[in-house]
There are 2 protein chains.
Amino acid sequence: MFIAMNAFKVKKDSGDAFEAAWKGRDSYLNEVPGIIHFSLLRGEDDEEGLNYSSHTIWESKGDFESWTQSEAFVQSHRGGGTTTPLLLGHPQVSLWDAVIEQDFTSKGD
Amino acid sequence: MFIAMNAFKVKKDSGDAFEAAWKGRDSYLNEVPGIIHFSLLRGEDDEEGLNYSSHTIWESKGDFESWTQSEAFVQSHRGGGTTTPLLLGHPQVSLWDAVIEQDFTSKGD
């Protein structure tokens with residue numbers, strides 16, 4: 001399992017507009033090999049602004065890297081500039097490889 | 001969906017020992033209501049050291065909060081001090097609520 005996150009610092013009055021932009025986008029992820037899950041996460045606010053992060057789970061780092069070089073990636077980021085005025089600073093990418101995993105979805109009660 | 005992460009900065013020569021400590025622990029998570037998935041993630045190294053993060057996925061923030069007040073939480077953190085000498089600084093908790101979610105595990109080929 002591999003996780004790619006992109007952290008966004010959003011202006012205090014722009015949370016609704018930022019979420020609406022993400023809800024309205026076409027992610028083009030449905031056709032991408034190795035994609036498991038996408039979410040937009042909201043963290044705790046701080047004095048500067050609102051903290052959001054995109055969060056994608058992949059079967060492997062290779063699947064993520066192939067996606068970043070694909071036409072689907074270009075398509076999905078074509079509208080990305082529309083949220084730039086809502087942000088404080090540049091988004092910060094972080095990439096994570098799972099070294100231990102435990103899945104509890106099939107546990108008994 | 002709710003995600004709790006705890007970021008650890010590990011000394012450059014202590015990655016193996018840090019991973020071994022996590023692999024050897026009893027998480028006590030199997031009996032915890034609302035837990036979906038646990039992973040220990042390794043990020044990209046930087047000049048200071050190695051970046052790791054624990055990463056737990058929950059059905060809701062309430063499930064996570066109940067766990068932090070439970071006996072299972074106390075049990076699972078009883079051995080936490082054993083990794084302290086391997087760390088640079090204190091772990092940094094971040095808590096995330098999903099505002100958008102897309103699951104691709106049931107997609108067709």
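Strands β1(A) and β3(A) run antiparallel and are joined by 9 bridges; two strands are taken as paired if DSSP finds at least two bridges between them. Helices (H or I, at least four residues) and strands (E, at least two) are DSSP runs, numbered from the N terminus. The model is predicted: local features need pLDDT of at least 70 and side-chain atom pairs count only at pLDDT 80 or more, whereas totals for chains, interfaces and linings use all residues. Residues are numbered from 1 along each chain as its sequence is written, and chains are lettered from A and ligands numbered from 1 in the order in which they are written.

Chain A contains 3 helices and 4 strands, which follow one another from the N terminus in the order β-α-β-β-α-α-β. The C-alpha trace of chain A spans about 40 × 40 × 25 Å along its principal axes. Among contacts in chain A with a separation of 6 or more, 73% are between residues 24 or more positions apart; a contact requires that the C-beta atoms of two residues, placed from the backbone, lie within 7 Å. Of the 109 residues of chain A, 23% count as buried.

M5(A), in strand β1 of chain A, counts as buried because it has 23 C-beta neighbours inside 10 Å. Leaving aside residues up to four places away in sequence, M5(A) touches S53(A), S54(A), H55(A) and S94(A). The C-alpha atoms of M5(A) and W96(A) are 8.2 Å apart, although the two residues are separated by 91 residues in sequence.

The strands of both chains form a closed barrel of 8 strands with antiparallel pairing, in the order β1(A)-β3(A)-β2(A)-β4(B)-β1(B)-β3(B)-β2(B)-β4(A). On average, neighbouring strands of this sheet are turned by 30 degrees against each other, direction ignored. Helix α1 of chain A (residues 15-23) packs on the sheet, where it touches β1 (2-10), β2 (35-42) and β3 (50-58) of chain A and β4 (92-103) of chain B. The direction of this helix makes about 45 degrees with that of β4(B); axes are lines fitted to C-alpha atoms, for helices over the stretch in contact, and angles run from 0 to 180 degrees between N-to-C directions. Helix α1 of chain B (residues 15-23) lies across β4 of chain A and across β1 (2-10), β2 and β3 (50-58) of chain B, at about 45 degrees to β4(A).

The contact between the chains takes 32 residues from chain B and 32 residues from chain A. On the side of chain B that touches chain A, two or more residues come from each of α1, β2 and β4 of chain B, and β4(B) gives the largest share, 10 residues. This side divides into 15 nonpolar, 9 polar and 8 charged residues, where Ala, Val, Leu, Ile, Met, Phe, Trp, Tyr, Cys and Pro count as nonpolar, Asp, Glu, Lys and Arg as charged, and the others, Gly among them, as polar. Chain B superposes on chain A (RMSD 0.0 Å) by a rotation of 180 degrees with 0.0 Å of shift along its axis, which is the relation of a two-fold axis. The superposition is by least squares on the C-alpha atoms of residues with pLDDT of at least 70 in both copies. Of the interface residues of chain B, 100% are also interface residues in chain A, so the copies meet through the same surface.

The largest nonpolar core has 18 residues, a core being a set of buried Ala, Val, Leu, Ile, Met, Phe, Trp, Tyr and Cys residues joined through C-beta atoms within 7 Å. Those with the most contacts inside this core are F2(A), I3(A), W58(A), V10(B), L41(B) and Y52(B). Two or more residues come from each of β1, β3 and α2 (61-68) of chain A and β1, β2 and β3 of chain B, and β1(A) gives the most, with 3 residues.

Notes:
A residue is buried if 20 or more other C-beta atoms lie within 10 Å of its own, exposed if 12 or fewer, and partly exposed in between; C-beta atoms are placed from the backbone.
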